[in-house]
Structures are given as C-alpha cells and as structure tokens.
Amino acid sequence: MQEGAVLELRGICKNFPGVRALQNVDFTLREGEIHALMGENGAGKSTLIKVLTGVYPKDEGTIYIRGYDGPAAIKSPQDAQEMGISTVYQEITLCPNLTVAENMYIGRTKSSLTNWKKINRDAGELLDTLGIPASPTQQLASCSIAVQQMVAIARAVDMECKVLILDEPTSSLDEQEVAKLFNLMINLKSKGVGIVFVTHFLDQVYEVCDRITVLRDGQLVGEYVIEDLPRVLLVSKMLGKELDDLDGVGKADARVGYDAGGVSVMEASQLVSTAGIKPFDFSIQKGEVNGFTGLLGSGRSECVRALFGADRAIGGTLSMNGKKVRISKPLDAMKHGIGYLPEDRKRDGIVGDLSVRDNIILALQVMKGFFRPFTRAQAEAFADEYIKLLDIKTASADTPVKSLSGGNQQKVILARWLLTNPVFLILDEPTRGIDIGTKLEIQKLVLKLAAQGKSVTFISSEIDEMLRTCSRLIVMRDRKVVGELTGDDLTQNKIMTTIAGGENP
Amino acid sequence: MTTSTKTPIQAPPQRVKTGSLLSRLTRHQIFIPIAALLILVVFNLIADPSFFTISLDHNSAGNPVLSGYLITILDNASELVILAIGMTLVTAASGGQDISVGAAIAIGGSVVLRVLCGTDSRPEVLHAPIIVAFLVCCLVSMLFGAFNGVLVAYFKIQPMVATLILFTAGRSIAAWINNNELPIISDATFGYFGNFIPGIPIPTPVFIAVVCMIVIAAVLKFTNLGLYTQSVGINAHSSRLNGIDPAFIKFITYVIMGLCVAVAGFIKVSRFSTINYSVVAKDIEMDAILAVALGGSALSGGKFNMTASILGAYVIQFLTTTLFKFNVVSSALPAYKAVVVILLVVLSAPVVRERLGILARRFSPAKPAKEVG
C-alpha cells in the first residue's frame, strides 16, 4: 500500500450482462482527505462504490485496507462495515419516528438489555464533538434534512470508521445546510477519516475536496490534486472532450438561425417551479432549434418540465406568440401545441403494457377528449402511418411497447408527439441509450421539423449533438442559467468554460 | 425519418410468436375462465346430466317461471357480475381493490327500504315511487364510492386500507339508516326486480345484469374510460405527462363502483323485500375480487379484460351452485371453494401459464417462427 493510504483499489473490473461497468479502475484514498469521485451518468461511480461496500462482488482486482494484511475480502456490506468502511446514501435511510440516539445505535447494541441512559450520554458526546446541532432524545423527524443527514454520518462515523463514503449527500440541502455539512466533513477529515465524496455540484467539489478521481465510461481517466485541475479541465475530462479538440465541427450544418428581432413562439420570464431551480428566462422562435446544456443534475430537465407544466410553476410568466398563457398542467401545454418527450423513457414516457398503437395515439386522443375516442380504424391508420414514417421496428401495432428496443420505444414517443402536430416540441435526452443509427435519425428529424417551421428545444448530454442541431444554447450550472451562447460562441471550448464557471483555460 | 435515411444499424427483428392454435389459446387472457367453465360443465355432465335440465313451472302466484340449476346460476350471479364490472375498473386504475362493496350494498339496500317505508317498518303502501328509491340509492352509494375515491386518489391511501373504513362501518351505518329495524315490504311490484315479472319466465336480475353489461360495453366503446384507466394503472407518471389526470381517473372508477353497488344492492333487497344488515352480501367483495383475478387481469392494476372478469363472476357462481347441488353444507362451502380457487389462481398465474405455453408448443407440430424485418 502507498504511504498514508487507508484504502487502495487496484485493477477493479466489473461486468454486467452486456455492459463493462468498470474496467481496470484504480482508486486510492489517503488518511484525512476529502476525495471527490466524479463522472457523468454511467461513468461507473455507483458501481465502484457498490463494489467497495460489498453490494456487488467484483470480477477482478484487489482491495487493500489499512490494518488488514493482504487483499481484503469484502463479500457483503457487513464485511465492509466491520473493516471500517461506512456509507451514507443520498436518501436518508434512518427511521424518522425514532430519536436521534436511537437512530445512531439501533441494531448495534450487543446485549439484549439496553442502557438507554448510557446511549443517550454517548450520543450526546459524539454529537458535541462533531458539532451537530441535535439533541439525542429529539425525534429524528423534527430535525432538518441536513441534520438528519449529519446524524446518518454520525452513526456511520461512530462505527470506528476509517473510510466514509458520501453519495450525493447535498442534493436535497440548501446552501446553509451544505455549509454545515461541509464543516462536519472538515472536522472528520482533521480526525483522520478518509472521505469519498460523490456529487454533481462542481462548486462544492472545489470548496472542500483535496483530490479528484474522474471516471468515464467505466474507465479511470485519472487522479488529480485539486489545485492542478482547473474546472474547465475537469469538465472536459468528465465529458471526454479535449479542449480545442474538434472545435467547430458541424458549424456549416443546416442549423436554423436565431433572429434577434423575431417574434417568440414561446417566452418565459423568471419562471420558477417546485423542482428547486433558480428563476430563468427562456424564449424560442418559429423554426428555431435551441437547447439546454450543462452537467447532469444542473437543472436542464427541470427547466423544460416547468415549461410544459410537468412541475408546477410557482412564479414567473409564460407567453405564447406574445399572449400571456397559464400552464398549470401538461394538458394546458398540449392544448397550446407543446409536446414533451421526457428524459426518463421508462418512467415518464412509455405506457409499457399498452400496445404500440395506443402509445402512439395517447396524447392526441387525450387532447381530442374523453368522450370522443378514435375508432379502431382511425387509430390503426395513425399508428401505421407513423410506424412507417419513423421506421419503427415492431412485430405489429398490437405489440406491447415495452417489448420494443430502447430506440424504437423512443421513436414511438416521438411519433406520439409528432401526431399532435405541435408548434413547439421539447426533446429531453431523446438519444440517450439508443443506437447510433437512431441517434442520427433523430438529429435529422429535429432539423427537418425546424425547417417545417416548428420550434424545438433539445437537451442532450452529448455536446456534439447539441452543436450539430442547436443555434442557441442555454447553459446551466447548479440549477441556474449561467449563460447563453449563440453564433461564434457555439464551440466546445466555450460551452465547457461556461459550464465550468467562466474561467478560461 | 423518411425512407431516404439509411439506418446503419438495424434493430434486431422482432419475432412474431405464432405457435400452434393450442398455445395461442392458452396464452389468451380469456382462456382460464372459459377453461374453468368447461371443466365445471364436463364435471356436472358426468356426475349428473340432470344438472342441465331446464323446466317451465308455475310459481305460487301462478306465473310461468323457468327453473333449473342453470337458471339459478344466471340469476344468482347477477349481483356478482355487476360488482365485477366496477371492481375491474377500480383494480385497473388504482392497482388495488375496494373491499367495502358488501358493506356498501347493505347501505344501499337500507336506503332503498328507508325511502320506500319512511319510518314505518311494515308499510301498507309505499311512501315513494320505486324509481325514486332506486335513484336515491344510486346517489348515496356513489357518494360513498366518492368517499373511497377521495381517500385513494387524493390522499393516496392504499385502496385496501382506505376501503377498510367503509368495510368496518358500512353495516352499522346501514342499520342506523333504518333505526335498526328490519322493514318488510309487502308490495308485490317491489319484488319484481329481484324475482320474476309476471308473464316473463326468466328472473329479472338476469336482465338487469345484461343491461349493465351492455352499458359498460357501450361506455368502453364510446368513451376513453378503458384507455385512461389502463394507462393510469400501468404508468401514472407518463399518463400525467400525456394530459391525463391520474387522480381524477382513479376517483371516477370508485364512483362507478358506487353505481354498481347501488344496482346490486337494489337487486338484493328486492329479492327478499327486506334486509339483514349483518349478512346481506356478506363476503361478496372477495368473490368480486376473485372474479377479476380469474379473468386474468392483474390485481396490481393496468391492463384489464372486462369480458373475462364477467365470465369469472359466472364461473364463481357456477362453482357455488355446483357445490350446493352436491349437498355441501353451506358452512363447509368456503373450504371447497378455496380448493378450486387455489387451482384456478395457480393455473392463471403468469409463471404457470408461460410454462403451459412452452409445453403446448413443444407438443405441437414444429412450425418455423415467422420473422418480420
């Protein structure tokens, strides 16, 4: 083991059927450091953590833990815990109806007789040393989310932990709560605990972390000391794009221009929804393709959900073609000619057990009305038309949509919205998890729709794709809009620097 | 994506499951209730073919009536069939069941009697036209249905827990409506709805059940109730994003359930011209749920097949009547029924049906699976 290391992973491989989730990944955690584990979705962060904590068995590789000779055999979460690795997950996994002390010690008292006095005293001492503002006898539910999170950490730390893994601990906290949590982390760090910090928030990484390990597509990109890795480099490493690399690709494409003086099809001003995004402005013109970009969790989806009424708006105004409109639910948006292809196809898109035909006609049918169902012949005609038009591979229109491949499911949802003949179509990650051929088809379709005078807002994690289709990009970071790029600014470099926070490479 | 776009990578062609006629039959949702019905028919044919004789008799009032076990089955299944319609919709949309229907029938029946009798428990003449009593019963039952619906749809309480409230309280409420008295109606016309209309040899409940089936068939054909309930039951999130209001759809199915309860309750009190609060329609909710399960609709919601549920209801009544015919004492009836139910439910479980399908295909002449490109 390296000097000062508490945990070392060497050559970890993990395969799932058809997916190489981790390939030869190394990871080293030193005593008394906060180490950020970064990567976009699917990069392998969660898999690595699950291998480390014994949730998944590893296929290859070795794990060394300080105090144990030779490779450590972690076969279950219990093993990991006994070896001093504790994990606090994003969702709080404590019991809200028990007291703070009970939560800290439940399941850990060895004798059947429990000395609650002692436990409460011990808990109180630990809370004091860690500076957690909670009383041991207080019911957990009466604490704020941040304090609950800290109690979970206290519970983890008290089990003689050398390694603490925090998986997205800040995603449901506000700024002050985050600050409290950071104090606790720094406190623990000074006590020699090694902390693995998984987060999507760049600012937070640069606030508390000492080192960063970046994963991409299941492979190790590298380990960096925070001072050596400016934000923009971090972003480029996460996205797998070298700065200056491929700059300007696709610029000559048939992207539809943005006319500064044109009339907006839809406009939002200071819109804010229940999903916790900062108020934002938005506008789109007839025949324009624009997009939201930013890292995962930056609030891209939340913005378009607010436009469509999928999340309830709690402030700001919306107007269409210059007239003020109220969109309080998806049906309102649909009636104004807005279509929305959601990010999570399985959860929000398809109605799995229904047939391809029913899935295609669903939105138009709902717009037509409860008492005016399409006849079987009409529905069949619509379905056949779009199955042919989008080249959907299905045994028949009667096949349940869940038995189609991902790309074809996505086409079914596209067909659903095209059938409503929208004036403004929102596509949130339409190309995620589908094969390259279908991806290109969808990109071409977007440009074709724009040429027909429809407006499209496009979200994709792949910057290439955005550059190829969008004439204007709204850049988001940490749940707020931080910039808008048009014309010559539409380059990978510029996008990445804007995502990272404006500093130049 | 026009045809000019060349797809470099083709999605793997989907296989059309053809297989033999037998395997296709066994996969169909309606297979289990039909098979169960056939087994019961064959069993009775072997045991005692007289089971199927239908004779034209005259009842005590001198009117022609058809009698025979088959008529009894059709007659007695009516309430269950009507409830199975409502239960199917409730199950599809909310992914849970309404266990309060028996108690709600007691309430509905009690309301009918209260309107017809006023405060007089042995009225010489009816205090209100029968149609008024029926309409009030519908209104009250739908209100109770709405109560269940609000709890399930808007307070997001599990259907079984939400309807447990009415299940527990319903029969007391029913007794309270009539001041704990048991009114008896002597007016002959009131009995027509649960028995025979003079001159017509077929029991009236059979007609009422048929009318209900026609109504639900029409509703499913001329509205989007079927599409919406299934869509909400399968995926409430995406239903909402397609403009459907999932909570309202769930709510409305409970109101429809209330209407079904009203009709069933009305038939029940008409049969006896009185009511026994503690036993009327006892355990009928379980039979109604069973009818849905037999019909092959998932009790966790989503896709449903109304015809199969209705058939399921008839199967249950067929079974009950068969057992009665073989002199199974009524206290032992549930045990016998349970054995048959275990068989049916296991047979209709997707795991078993998948296996059966594979078996059926193995024993059928091999046919190359057709592929589409």
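**Entry 1: where the chains meet**

How many salt bridges does the rule find across the interface of chain B and chain A? I looked, and the count is zero. I noted beside it that this is a predicted model.

I then looked up polar contacts, and nine residue pairs, both at pLDDT 80 or more, are in polar contact across the interface of chain B and chain A. Next I asked which elements of chain B give two or more residues to the side that touches chain A. They are helix 8 (204–222), helix 9 (225–234) and helix 10 (236–241) of chain B. Helix 9 of chain B gives the largest share, six residues. I sorted the residues on this side of chain B by kind and got 13 nonpolar, 14 polar and three charged.

For the extent of the interface, I found 30 residues of chain B in contact with 51 residues of chain A. Together the two chains bury about 3,300 Å², with 62% of that on carbon and sulfur atoms.

**Entry 2: a sheet of four strands**

I moved on to chain A, where four strands form an open sheet in the order 11-10-13-14, with antiparallel pairing. At its edges I found strand 11 (280–285) and strand 14 (323–325) of chain A, each pairing on one side only. On average, neighbouring strands here are turned by 20° against each other, direction ignored.

I picked one pair to follow: strand 10 (residues 264–273) and strand 13 (residues 313–320) of chain A run antiparallel and are joined by six bridges. In strand 13, A:S319 is the bridge partner of A:E267. I also saw helix 9 (residues 300–308) of chain A packing on this sheet, where it touches strand 10, strand 11 and strand 13. The direction of this helix makes about 115° with that of strand 10 of chain A.

**Entry 3: a sheet of six strands**

Another open sheet in chain A has six strands, in the order 15-16-17-12-18-19, and its pairing is mixed. Why is one side of strand 15 (338–341) and of strand 19 (480–486) left without a neighbour in the sheet? Both stand at the edges with a single partner strand each, so nothing in the sheet pairs on that side. Neighbouring strands here are turned by 15° on average, direction ignored.

Strand 12 (residues 289–293) and strand 18 (residues 472–477) of chain A pair in the parallel sense over four bridges. A:F292 has A:I474 in strand 18 as its bridge partner. Last, I noted that helix 14 (residues 406–419) of chain A lies across strand 15 and strand 16 (424–428), running at about 175° to strand 15.

Key: Residues numbered from 1 in each chain as written. Chains lettered and ligands numbered in written order. Predicted model: local features only at pLDDT ≥ 70, side-chain atom pairs only at ≥ 80, totals over all residues. Heavy atoms only, no water. Pairing = 2+ DSSP bridges. Axes fitted to C-alpha atoms, helices over the stretch in contact; angles between N-to-C directions. Contact = heavy atoms within 4.5 Å. Buried area = accessible area lost by both parts, 1.4 Å probe. Salt bridge = Lys/Arg side-chain N within 4 Å of Asp/Glu carboxyl O. Polar contact = N/O pair within 3.5 Å; in protein donor to acceptor, adjacent residues only side chain to side chain. Nonpolar A, V, L, I, M, F, W, Y, C, P; charged D, E, K, R; others polar.
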